[in-house]
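User: I am new to this structure and would like to learn how to read its features one at a time. Could you show it to me and then take my questions in order?

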Amino acid sequence: MATHREGLSDKPHDWCMIPAGTLMKTQKVITIDGMLPVEDACGILIKNNISSAPVFDSTQSAPEYVGMFDYGDVIAYLLLVLLDQVPGHLQQQQQQQQQQQQQQQGSGEDATLEITDIIRRAIYGQSVPVKLASDLSQKNPFYSILPESTLLSAIEEFACGTHRVCVMDPNGGIQGILSQSTVVEYLYNNRKQFPTIEKLLGQTLRQLGLGETDVISAGADARVLDALSLMSQHGVSSVAVVGANGVALGNISMTDIKHVMKDFKHKLLWITCFQFVSMVRTEQGIEDGQDRLPVFDVRLDTRLGFAIAKLLATRSHRVWVTDDMGRPIGVVSLTDISRVIAESAGVQTTGYPRRASVAVRGGLNTTTT
């Protein structure tokens, strides 16, 4: 089978078999030494304006990549240290490990021991190596593919919720990092060459079954810490901030934690969500000189192509779906988009994780129906 190269022909062809490596642009891959303190590792993300970076173990004779570190891990770390809140996915692991340990003595470091070590170090004012916090959120594991791997194989990973994969070179180094947004943008820009993609983009969110998921939201007067806690508990990367009438006022995403970690402004965790959203919007406007909309939203009858165009234009990872009153009724993320793209190629995605439905009103948790 002939290998398809980007830009060589306008003739329609199958996007699935395109080598993932052809989407890679020249990248300066930022990596993090696993022995660096979490705070310093977060500073590297902020300085380089990236949301994630591979972590390597420098104590080995031949450095090995041990995971990824992103802002979701920063949130999980802060909640663990400040509230002794174990991420939801690890609570079940702890219970299983305790049961196993009652039957036999385990060996090696497990999640329970790492969490205990993080808390102990924090209590005694010791630095916590970032390798302990790497993928603490379980939302950004280290996945790698070869340059010749197909684009479909990357999309399948993205459909499961993975946000990025590392493209490795023959020597075991990282050639580049391929993200959800890079692949979605490529397919969108080259849609004329891919009939199945062009047809997909012409369908509405309603037709594709998108945008009708339950919404995780925080009341405008809830604390930022409460919103981050919800984000960690339910494994989502953003929560909507709503007013008393349920109208969307903005959102808090996991990347916004950089405003807390920058200069260690931990006091921001105790201000209200509305105050935080307003502050972030102001800072973003100062940085790029552009006015920011309170929330990026679409309707159920919006075509997928338009929703993607809005995501790409705003450099967002999700867009909220609102009703005629401006109340959020769902969300469409790059993971959701990757899922429908995978399904259009015949991939079965039944059983992939879906969102839970929780709201925070004034700091109190209430389950929605």
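User: What should I know about the model and its numbering before I start?

Analyst: This is a predicted model, in which local features need pLDDT of at least 70 and side-chain atom pairs count only at pLDDT 80 or more, while totals for chains, interfaces and linings use all residues. Residues are numbered from 1 along each chain as its sequence is written, and side-chain values use heavy atoms, with hydrogens and water left out.

User: How should I read the pLDDT, and what is its average over the protein chain?

Analyst: pLDDT is the predictor's confidence in each residue, on a scale from 0 to 100. Here the protein chain averages 82, and 80% of the residues score at least 70. Over residues 1-11, however, the pLDDT is below 50, and this stretch has 13 contacts in the model beyond near neighbours in sequence, a contact being heavy atoms within 4.5 Å. The pLDDT also stays under 50 over residues 102-109, for which the model has two contacts beyond four places in sequence.

User: How many helices and strands does the protein chain have, and what share of its residues is buried?

Analyst: Helices (H or I, at least four residues) and strands (E, at least two) are DSSP runs, numbered from the N terminus. By that rule the protein chain has 13 helices and 14 strands. For burial, a residue is buried under 20% relative accessible area, exposed over 50% and partly exposed in between, with a 1.4 Å probe and protein chains only. Of the 369 residues in the protein chain, 48% are buried. As for how the chain folds back on itself, 62% of the contacts between residues at least 6 apart in sequence join residues at least 24 apart.

User: Why is α9 described as largely enclosed by the rest of the structure?

Analyst: The description follows from a count, because nine of the 10 residues of α9 are buried. The buried residues include Val224, Asp226, Leu228 and Met231. Just after α9, Gly235 takes a positive phi of about 65°.

User: How is a cavity found, and which residues lie nearest the centre of the largest cavity?

Analyst: On a 1 Å grid over the protein atoms alone, a cavity is a set of points where a 1.4 Å probe fits but cannot get out, and lining residues have an atom within 4 Å of a point. Grid points are joined across faces, edges and corners, and a volume is the space filled by probe spheres set on the points. A search of the whole structure finds three cavities of 30 Å³ or more, and the largest holds about 120 Å³ of space. Its lining has 11 residues, of which Gly72, Ser137, Met231, Ser232 and Val236 lie nearest the centre. Both α2 (71-83) and α9 (224-233) supply at least two residues of this lining.

User: How do I read a pair of aromatic rings, and how many aromatic pairs does the structure hold?

Analyst: Rings of Phe, Tyr and Trp (its six-membered ring) pair if their centres lie within 6.5 Å, and planes under 30 degrees apart count as stacked, over 60 as edge-to-face and the rest as tilted. The structure holds two such pairs. Tyr65 and Phe142 are stacked, at 5.7 Å centre to centre with 10° between the planes. This pair links distant parts of the chain, since Tyr65 is in strand β3 (residues 64-70) and Phe142 in the loop between α5 (130-133) and β4 (144-145), 77 residues apart. In the other pair, Tyr186 and Phe194 have ring centres 6.0 Å apart and planes at 50°, so the pair is tilted. Tyr65 is partly exposed at 30% relative accessibility, as is Phe142 at 23%, whereas Tyr186 is buried at 6% and Phe194 is buried at 0%.

User: Which residues does Ile174 touch?

Analyst: Ile174 lies in strand β6 (residues 174-179) and is buried at 12% relative accessibility. Leaving out residues up to four places away in sequence, Ile174 touches Val29, Pro54, Tyr65, Phe142, Cys166, Val167, Met168 and Asp169.

User: Is Asn49 buried or exposed, and where does it lie?

Analyst: Asn49 is exposed, with a relative accessible area of 64%, and lies in the loop between α1 (38-47) and β2 (52-57). Asn49 has a positive phi of about 55° although it is not a glycine. Asp135 likewise has a positive phi of about 55° without being a glycine, but Asp135 is buried, at 13%, in the loop between α5 and β4.

Conventions:
On a 1 Å grid over the protein atoms alone, a cavity is a set of points where a 1.4 Å probe fits but cannot get out, and a pocket is an open set with protein on both sides within 12 Å along at least five of seven lines; lining residues have an atom within 4 Å of a point.
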